[in-house]
Amino acid sequence: MTTSEAWSTVRTGTFAERAAATTGVLLALLLLKLPFRHTARTVRWARKIGRRTPATARAEALVAAVRHAGRWWPGRVACLETSLGAVLAAALLGQRLDWCLGVRFTPPPSSTTPGQPSPTAARSGSTPPRAGTTRQPSPSDPRVTLRRVLHPPGAVEHARTPPPEGVTVTTVAEAAKAVPERHYTHHEQRGVTLHRSNPRVIHRDLTTLDVREGMNVVEFGTGSGYSGSLLAQLVGPSGQVTSLDIDAYLARWAGVIHRDRNVHNIECHVGDGTAGFPARAPYDRIVAWCTPPLLPRAWVNQVVDGGVIVAPLPIAAVPNMTVVAKIVVHAGRPEVESVATGGYIEATTSPKGDLDLPGRWVDWENRVPSPSWISLAWRDEDDPLHSGARSALDRLLKGAHTEPYGKEIDWPSWRTFAASLADHRLTMAGLRPDLWAIGHTTTTSAAVVQQDGTIVADHPDSPSLKVLRGWLAAWEEAGRPAPESYIPSLSHHEPDGWSLHLSR
């Protein structure tokens, strides 16, 4: 669920559901100001008194009622508050919803919205963002993390090269046993950290990074501090870790928690990670929990020969079309060794407050009557007033023509395929909160397919709709290829860095 969803203007649900929703929101706001143990106890109580699981439609109506109730609160009522409010409201009605803290995928999955329960779950999450991303039930339907991320479980494991003789190797699983995850993500004094990732995602990327004892490692995106603590464990007393975050609050708190745990081989700094951190370079390994606009030259310059970079990179100039790449640098030249489905919150030059709106490449947004936005790959052709973006978004919001696709959309596969087409009319949009869309637009036509499988166009005979149908047919004919099946390549852009492209 998102902040914008919490400000829903739709009045929904029965009178009893609306009354329970209002009470649930107020209780959630009160509980979240107390130490988190009180919230945990209350949720356990809510599960005990809830005797039945509501049908999907009733669960959705209840969450919508909670969102509507939250709009009257002058402060923040977003994913955490709304999902908790839904669980408490359900309990007041004698119903039971599960509360799952921690992750969602970026983009959000099509079959259910983070924070909006299936019949058995009310989920809390915000983007990505350390996503952001982005529900993780299967490799084809990943759900994203709060601030960074998006990896499906069971994705391809990267082989580890044998360590040099005499070098001790601590596995990520061993390191995880030594690091108290919740001490970082749910710290008693700092509270719950929204900018964090699913631990399984962190473990996967650190396995890909292949960290060895004694190495010099840097991470960009400190988040809760959990990933940095794992790195400190992996490099051991003879190694060193540098952690950089644009958000001073996150970096400072992580540093305090590390110190309190007597972790002394990691330093946390505040700064823009896309510039690297030359003061402690060169690095044996670089890992990023945020997405730069391209692979920065600074990262390549600050890694040793043979060093490894694991980072999310865009594959199109629209939001959330990314893969996580493993890059090896030889003689100053980066080479992509492998890619996997995934993505993290966009790297920005200042702390990101709105975790629901993409941090880069948004060409137009509306905030009333409800939030919506659009991103055009052809933005360079638009005028200074963004007339093309405004008119394209307006055409899609009017929805003169809608039709069902008829099949479930495998979003990671579809978005990667759409990006690989390299069509300059590619468009990403958010017509509804947490329901993103990919398609084709021009100055006079527009058509997209949403995550729920709904095709929206400006007209039944829209030229953009014809193009979109062709893309979808080609995707099906290709067998809905997995992101890992594409051939990656890097293009050099002086002086900034390298852009990533995928082909088949």
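A: Ser462 caps the N-terminal end of α14. A side-chain oxygen of Ser462 lies 3.2 Å from the backbone nitrogen of Ser464. That is a polar contact: a pair of N or O atoms within 3.5 Å, where, within protein, one must be able to donate a hydrogen and the other to accept it, and residues adjacent in sequence count only if both atoms are side-chain atoms.

A word on the source. This is a predicted model, where local features need pLDDT of at least 70 and side-chain atom pairs count only at pLDDT 80 or more, while totals for chains, interfaces and linings use all residues. Residues are numbered from 1 along each chain as its sequence is written, and side-chain values use heavy atoms, with hydrogens and water left out.

Now the length. Helix α14 has 15 residues, 463-477. At 1.5 Å a residue it should span 21 Å, and its end C-alpha atoms are 21 Å apart, so the two agree. The expected span is 1.5 Å times one less than the number of residues. Helices (H or I, at least four residues) and strands (E, at least two) are DSSP runs, numbered from the N terminus.

Next, the two sides. Ser464, Leu465, Leu468, Trp471, Leu472 and Trp475 of α14 are buried. These residues cover an arc of only 120° around the axis, which puts them on the same side of α14. The arc is that of the directions from the helix axis to the C-beta atoms. On the other side, Pro463, Lys466 and Glu477 are exposed. Buried means under 20% relative accessible area, exposed over 50%, and partly exposed in between (1.4 Å probe, protein chains only).

What does the buried side of α14 pack against? Its buried residues pack against helix α13 (411-420). They also pack against β15 (401-404), β16 (426-432), β17 (435-441), β18 (446-450) and β19 (454-457). Contact here means heavy atoms within 4.5 Å.

Just after α14, Gly479 takes a positive phi of about 85°. Compare helix α8 (residues 199-209): eight of its 11 residues are buried, so α8 is largely enclosed by the rest of the structure. Val201, Ile202 and Leu206 are among them. Just after α8, Asp210 takes a positive phi of about 60°.

Finally, the whole chain. Its secondary structure comes to 14 helices and 21 strands. Buried residues make up 58% of its 504 residues.
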